Amino acid sequence: MANYTLQGLGPTYVKKNKPHSSDNDLIKFNTSWRSIVHRKKKRCRSLLMKINAVVNDSTFDFEDSDWKIHYQDQFEERMRLPHLNDNLNVTPRQTTFFLKNRVGRLADGIDSLEEKSNYVDDNDRALLRVIKFSSPTSAGAECIDPYCNWVELWVHRAGPRKQIYFEPDSVKAAIVTCGGLCPGLNDVIRQIVFTLEVYGVKNIIGIPFGYRGFVDEELLEMPLSRDVVQNINLAGGSLLGVSRGGADVNDIVDRIQAKQISMLFILGGNGTHAGGKALHEECQRRRMKISIICVPKTIDNDILLMDKTFGFDTAVEEAQKAINSAYIEAHSAYKGIGLVKLMGRSSGFIAMHASLSSGQTDICLIPEVPFNLEGQYGVLKYLEKLMQKKGSAVICVAEGAGQELLQRSNAIDASGNAVLADIGVYLQQKIKNHFKDIGDHADIKYIDPTYMIRAVRANASDAILCTVLGQNAVHGAFAGFSGITVGICNTHYVYLPISEVIECPRLVDPDSRMWHRCLTSTGQPDFI
Ligand SMILES: Nc1ncnc2c1ncn2[C@@H]1O[C@H](COP(=O)(O)OP(=O)(O)O)[C@@H](O)[C@H]1O
Ligand SMILES: O=P(O)(O)OC[C@H]1O[C@](O)(COP(=O)(O)O)[C@@H](O)[C@@H]1O
Ligand SMILES: [Mg+2]
């Protein structure tokens, strides 16, 4: 039987034998596998891409009875959490974070307290993925080998450890919030401060306006305590302020050294995480005893490996309100079309989820799915049909959608992110002109709720997520980790190395069940 090689994944998959198959089956199987692989390779949108990156540059022989073990070993190595002990000789002490249980009343009327062992062991793990796909053609399948064998992949469980690597008395902790706003920033700041104080930390500061707050002499650090942060979760925004762009890594580390910061909590998205990783590496190079812990923040939900980022749920809830308004406007107008543009520079999660939750979107356009405006199968023709059939229509478009239709400016913002052309205004104009050209009437109501969906305070579900992430960030720092981020994977809270979550933005997978559910709900066809 011929050997065959599956390429294009980074690693080379060598299959020597396939039991119970003819060579013809092999070729067919190979082709379908390859096409899946190619579709997935183009965009770094799936867990599979992440997993395959694990075995980059290596050849996997799936005939080797131990291939799973090798694969898992490499995965474990990749998910290993950087620790202060990697290049410093630091000894731990017993934790100062106690969970006390009231067990009874003593004779003198005083409660007796018992310390419970509710700590997380460094060897505790959470399962990264939980579906066992029986074939590469199963919807949304993420397979490692051509037969889609089940491979358990574990990541590190977050939480308080019995041993800690800092004396709380001598800790100076700093918090900084970078990038754009996101609901829940204040909730995370608040929980970090609370938890630090429970450990016994007294010296806590806030760095104003993102990374630039380290180096701009005019920006003063803000002392933080339970009293200061007590009610900040009642408002949106960030107590500390945010910014894009900013400062040189070396300058920031100089300032960290000068300020004698020993724990740094960085709240931000993929850009911020890239900065956090660079800061961690520079601090390591200088052999500084500092824990740098990131907390992923973005309404776009574009961070790899995690179920979701905080702020996303709230943003979707707000976005849904805009879609509801667009529907009411469109439905009440004579031949009304409601058009809503939502954030999502490279990922369409907000548009997809808001369309699903509102149930009122007829057309959802996201950056991950190309579409034509003109032509027999284009959006405009479909819109004509909708108007004839229903008398009104609602379109939800993500800001990064259809950029190829627009003139690019090559402009970038202070952080180096591309400044996108306005697809909302462009669509509004195109629709208006189209209906005029065909001699029909269309009353377009355009809503751009951009900043309204992220300036609000966190909803209940995000507030809980922020609480857990904020607390776990502090536990991670005391456990001596540095260069890590906190997240939620399959409903469990975990620590991940920063490098693993920012290789590329997480994207909506057009082959996923979620996108297909969105299509089922809107009823829209392919626009290609
Ligand atoms: N590759 C990088 N290395 C170091 N710092 C970065 C990098 N990318 C972005 N930053 C910094 O991180 C901060 C936030 O980045 P930005 O992309 O605006 O937001 P987000 O973190 O939400 O993606 C900015 O101060 C920016 O200068
Ligand atoms: O106007 P700003 O502050 O640059 O924010 C706009 C950007 O905010 C986002 O919603 C989120 O971006 P970040 O995750 O980088 O903060 C992008 O989709 C959008 O392009
Ligand atoms: Mg970003």
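**Aromatic pairs, cysteines and a ligand shell**

Let me begin in helix 3 (residues 67-79), where W67 and Y71 are 4 residues apart and therefore separated by about one helical turn; helices here are DSSP runs of H or I with at least four residues, numbered from the N terminus. Please keep in mind that this is a predicted model, in which local features need pLDDT of at least 70 and side-chain atom pairs count only at pLDDT 80 or more, while totals for chains, interfaces and linings use all residues. Residues are numbered from 1 along each chain as its sequence is written, chains are lettered from A and ligands numbered from 1 in the order in which they are written, and side-chain values use heavy atoms, with hydrogens and water left out.

W67 and Y71 form an edge-to-face aromatic pair, with 6.4 Å from centre to centre and 90° between the planes. To pair, rings of Phe, Tyr and Trp (its six-membered ring) must have centres within 6.5 Å, and planes under 30 degrees apart count as stacked, over 60 as edge-to-face and the rest as tilted. Both W67 and Y71 are buried, where buried means under 20% relative accessible area, exposed over 50% and partly exposed in between, with a 1.4 Å probe and protein chains only. The structure holds 8 aromatic pairs, and F62 with W67 is also edge-to-face, because the ring centres are 4.5 Å apart and the planes stand at 90°. F62 is buried too, at a relative accessible area of 8%. Elsewhere, F97, F166, Y199 and F478 make up one aromatic cluster.

Turning to the cysteines, which two does the disulfide join? C143 is joined to C148, with 1.9 Å from S to S, and a disulfide is a pair of cysteine sulfur atoms within 2.5 Å. The link of C143 and C148 is left-handed, with -70° about the S-S bond, and both residues are buried. C182, by contrast, is in no disulfide, the nearest cysteine sulfur being that of C466, 7.3 Å away.

Finally, ligand 1 has 14 residues around it, of which R244, G245, G269, T272 and S415 come nearest; a residue counts as near if one of its heavy atoms lies within 4 Å. Helix 8 (residues 270-285) gives the most to this shell, with 5 residues. An oxygen atom of ligand 1 lies 2.6 Å from an N or O atom in the side chain of S415, and for the side chain of N417 the corresponding distance is 3.1 Å.

Key:
Polar contact = N/O pair within 3.5 Å; in protein donor to acceptor, adjacent residues only side chain to side chain. Helix = DSSP H or I, 4+ residues; strand = E, 2+ residues; numbered from the N terminus.
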